[in-house]
Amino acid sequence: MPAKAPPSNDAPPETPHYLGHRQRLRERFHSAGPDALSDYELLEMALFAALPRRDVKPLAKALIKTFGSFAEVIHAPEPRLREIDGIGDAVITQLKLIGAAAHRIAKGEVRQKHALASWQDVITYCRTSMAFAEKEQFRLLFLDKRNQLIADEVQQTGTVDHTPVYPREVIKRALELSATAIILVHNHPSGDPTPSQADIRMTKTIVDIAKPLGITVHDHIIVGKNGHTSLKSIGVM
């Protein structure tokens, strides 16, 4: 008779602990909805595809601790993201894809609706597009006589606390597009959306140039990660 093979001392490979955690997180997402998940848990789920064979909870927590929130993570500049241990091209691509998708969705919602009949959509779109940028941007929303969006353009990008704005160029572009109204938007990278005296002066100059040409300036919105300010609502315009 052939000799029996000696019993093996090799235990079957253990299932990585994080796989069970991932499944529980998915089940909670589907049963209770995304609002039931914290920012870092939602970020974990976003990282599953980028890091399929790794426990991503520590990385998700480190990102939230560094940048503050889910929104700030997906809008964080690539060089700063790469400073976090464990982040490579796959994670960068996944985070930037989510950021791009959020921007595209917000832009689509604004284009499908009357801009001024859905003011909250305009605010959401502006914050999604600009609130977490590290440099100031001056954006223009050009509208037709029905207040539908004709074009959305970034006219200038500046430094961390200043963007050069040329009022006559703003009006020239509005005339080129046959726009009858515009909304001015810019961001404050500091997070505080309080308008400066320069913001107020620039707004009044644009209004003064636009009015005789039949172009209405509906508002100037300043966005930051801590909220937004409408210059119209505070009586500047």
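Predicted model: local features only at pLDDT ≥ 70, side-chain atom pairs only at ≥ 80, totals over all residues.
I found 5 strands in an open sheet, ordered S2-S1-S3-S4-S5, with mixed pairing. At the edges I noted strand S2 (149-157) and strand S5 (227-230), each of which pairs on one side only. I recorded that neighbouring strands of this sheet are turned by 20° against each other on average, with direction ignored.

I then looked up the helices that pack on the sheet. Helix H7 (residues 119-130) touches S1, S2, S3, S4 and S5, and its direction makes about 50° with that of S4. Helix H9 (residues 197-210) also packs on the sheet, where it touches S1, S3 and S4; the direction of H9 makes about 160° with that of S4.

Next I examined the pairing of S3. Strand S1 (residues 137-143) and strand S3 (residues 181-187) run antiparallel and are joined by 6 bridges. Within this pair, I listed Ile182 of S3 as the bridge partner of Phe142, and I saw Leu141 opposite Ile183 in S3. S3 and S4 run parallel, with 7 bridges between them.

I checked how far S3 is covered: 7 of its 7 residues are buried. On one side I noted Ala181, Ile183, Val185 and Asn187, and on the other Ile182, Leu184 and His186, so both faces of the strand are covered, given that buried stands for under 20% relative accessible area.

I turned to His220, which lies in strand S4 (residues 216-224). Is His220 buried or exposed? I count His220 as buried because its relative accessible area is 0%, and the cut-off for buried is under 20%. Leu184 has His220 as its bridge partner in S4. The side chains of His220 and Thr203 are joined by a polar contact of 2.6 Å. Leaving aside residues up to four places away in sequence, I found that His220 touches residues including Phe138, Leu184, Val185, His186, Asp199, Met202 and Thr203. Thr229, Ser230, Leu231 and Met237 are also among the residues that His220 touches.

Last, I looked at helix H3 (residues 57-67), whose buried residues are Leu59, Ala60, Leu63, Ile64 and Phe67. They lie on the same side of H3, because they cover an arc of only 135° around the axis. After H3 comes Gly68, for which I recorded a positive phi, near 110°.

Definitions and conventions:
Residues numbered from 1 in each chain as written. Heavy atoms only, no water. Helix = DSSP H or I, 4+ residues; strand = E, 2+ residues; numbered from the N terminus. Buried < 20%, exposed > 50% of the residue type's maximum accessible area, 1.4 Å probe, protein only. Polar contact = N/O pair within 3.5 Å; in protein donor to acceptor, adjacent residues only side chain to side chain. Contact = heavy atoms within 4.5 Å. Arc of directions from axis to C-beta. Pairing = 2+ DSSP bridges. Axes fitted to C-alpha atoms, helices over the stretch in contact; angles between N-to-C directions.
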